[in-house]
Amino acid sequence: MQQPPTPNANSRLFQSFYKDVWRKLIPDGLTEAETDFIEEVGRLKAGSRVLDLMCGYGRHTLALAKRGYAVTAVDNLPDYIEEIGETARREALSVEPVLADVVEAAFQGPYDAALCMGNSFASFDAENTAALLHKLAACLQPGGVFIINTWMLAEIAIKHFEEKTWLYVDEFKYLLDNRYRLQPSRIETDHILIAPDGQTQVLKGVDYIFSFAELQQLLEQAGLSIRAVYSTPRKRPYVFGDKRAYIVAGK
C-alpha cells in the first residue's frame, strides 16, 4: 500500500463524515449528464485516455470506464482510491487508480482529455494552480481538452456568497459558516456536520477564487485556451448570475 500523499488544505474534509455526505449530495442523474458532456466536448472515441484529477469516489472515472475509455484516476484519499480499484477489478474496467496529491503527481500521458470536477479545482492557490496547469498541458494530446467544473469563480462566488447556510443530507445536519477573505481571494469555511446520534464534527475548508480573466491568464500561460463556458452539462451557455460553470479549455 502506498503511503498517503501530502494533503492539501481540504484533505481533512474527506477523512470524516463529509466523505459520506458528499456522496449523498450528488444525484446519479448529474453524473450521467456530466459524463455525456465529457464524452461530447472531449470528442472521445473507443480507447481514448482520460485523466480524472481529484476523482473522489470515482463517479466520473467509473462511468467513463464503463463506456470503454481508459481512465487514470488520481486522488489523495486512500479510501477512495481503494474503492475505485476494487470496483475496477471486479468489473474488469480499464482504470488506473493513483494515490497522490495532484500537484505532486507525475502524469503519464498523453491523454485525450483531463477533468477536474465537483469544485475541486478551487483547492489550490495561484502558485499551485499554475504548476498543475503547466504539468497538465504537457501531458495532453495536441487538440486535447481540460474540463473544469467550479462554482468558485469570482463572478459566481461574489454574487452568491452567503455567510451561513444549512441543510439536511439524509440523516445528517450540515451547516456551513463562510468567511470571504482577501489576499489571496478565498472563502474559508467551517463545515459543521451533525450525525443522527448527535456526534458533531467541525471541519475546515478553503476555496481559492479566481476571476474568469485570472483563470484565462493562468491557462494561457500554461499553453491552454478557453474554448467554451457553460452553466450546465447540457451545454447551456454561461451568463452572469448562473451558479455553476463548466469550462472547456484546449491545447
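Select M54 first. Its relative accessibility is 17%, so M54 counts as buried, since the cut-off for buried is under 20%. Keep in mind that the model is a predicted one. To place M54, look at the loop that runs between β1 (49-53) and α3. M54 and M117 are 63 residues apart along the chain, yet their C-alpha atoms are separated by 7.8 Å.

Next, go to the second largest pocket. The space in this pocket comes to about 220 Å³. To find the pocket, select D28, T31, Y57, G58 and R59, which are the closest to its centre among the 13 residues of the lining. Then colour α2 (28-41) and α3 (59-66), the elements that each give two or more residues to this lining. Which element gives the most to the lining of the second largest pocket? That is α3, with four residues. Colouring the lining by class shows six charged, five nonpolar and two polar residues.

For the last stop, select strand β6, residues 164-169, and pick out Y168 in it. Is Y168 buried or exposed? Y168 has a relative accessible area of 52% and is therefore exposed, as the cut-off for exposed is over 50%. Together with Y168, W166 and L175 form a nonpolar patch on the surface. The accessible area of the three residues W166, Y168 and L175 together is about 360 Å².

Note on methods: Residues numbered from 1 in each chain as written. Predicted model: local features only at pLDDT ≥ 70, side-chain atom pairs only at ≥ 80, totals over all residues. Heavy atoms only, no water. Patch = residues over 30% accessible without salt bridge, like charges linked within 9 Å, V, L, I, M, F, W, Y side chains within 5 Å. Areas by Shrake-Rupley, 256 points an atom, 1.4 Å probe, with all protein chains shown as cover. Salt bridge = Lys/Arg side-chain N within 4 Å of Asp/Glu carboxyl O. Buried < 20%, exposed > 50% of the residue type's maximum accessible area, 1.4 Å probe, protein only. 1 Å grid on protein atoms, 1.4 Å probe; cavity = no way out; pocket = protein on both sides within 12 Å on 5 of 7 lines; lining within 4 Å. Points joined across faces, edges and corners; volume = space filled by probe spheres on them. Nonpolar A, V, L, I, M, F, W, Y, C, P; charged D, E, K, R; others polar.
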